[in-house]
Amino acid sequence: MSCLNVFSRFNHFLCLLALTLLPLTASAFDLNDLQQQLRATPIVRGQFIQQKFLRSLPQALTSRGDFTLAAGKGLLWLLRTPIAQDLRINADGISRRDESGAWQALPQHTGAGRENQLFLSVLAGDTRGLQENFDLTLTGEANVWQLTLTPRSALLKQIFTAIQIDGGALVDRIELRETQGDRSVLQMTGAVAADALTPEEQRAFAD
């Protein structure tokens, strides 16, 4: 599989990632409570470990890094290994930071605009918007829960069979199952809610 195809799939994944990074703390647990909780915590930081299982490779591709999710601003996805690469998703799409520190917009691949809109719907806590494209099944309690997203739109059905999210006070694990048999597993470690962005994060979102 070419690097371009792997990167394109990674972009698909990033556009939906925001759903999994916001803390859920209310004792009652249904989709209405989920919507309120998504809107209640504006900033989440942590580390990630992502494993990509491809049918064409005997071992998983593993990457590690840091993230910052800020409602109304976007997602900073800072890859540290196996290579260093900073990505940002906001209302304008996906950008990559170059060696000079400037953000360069990446070309929009097919379906990116719609997926970015899904991402922004999640940041706004718009579960109704998500239900236009997914069937949502929420089980468990606030401290141990599972959310399953089953694609409803024709576009997303071509990419994913399901997205499964597991968590407690914060999201712990996400698994994306693709129609071609590949899958991605993302684990968040050290994720915490924050009240304000750091000066560096403010510059990254403002540039």
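This is a predicted model: local features need pLDDT of at least 70, side-chain atom pairs count only at pLDDT 80 or more; totals for chains, interfaces and linings use all residues.
Residues are numbered from 1 along each chain as its sequence is written. Local features need pLDDT of at least 70 and side-chain atom pairs pLDDT 80 or more, whereas totals for chains, interfaces and linings use all residues, and side-chain values use heavy atoms, without hydrogens and water.

The chain contains six helices and 11 strands, taken as DSSP runs (helices H or I, at least four residues; strands E, at least two) and numbered from the N terminus. Of its 207 residues, 50% are buried, that is, under 20% relative accessible area, with exposed meaning over 50% (1.4 Å probe, protein chains only).

The largest nonpolar core has 32 residues, and those touching the most other members include Phe67, Trp77 and Ile165. Such a core joins buried Ala, Val, Leu, Ile, Met, Phe, Trp, Tyr and Cys residues through side-chain atoms within 4.5 Å.

Aspartate 166 lies in strand 9 (residues 160-167). Although buried, aspartate 166 has no salt bridge; arginine 173, the nearest side chain of opposite charge, is 4.1 Å away. A salt bridge requires a side-chain nitrogen of Lys or Arg within 4 Å of a carboxyl oxygen of Asp or Glu.

| Side of helix 6 | Residues |
|---|---|
| Buried | Glu201, Ala204, Phe205 |
| Turned away, exposed | Pro199, Arg203, Ala206 |

The buried residues of helix 6 fall within an arc of 90° seen down its axis, so they line one face; the arc is that of directions from the helix axis to the C-beta atoms.

Conventions: Lys and Arg count as positive and Asp and Glu as negative; His and the chain ends are not counted.
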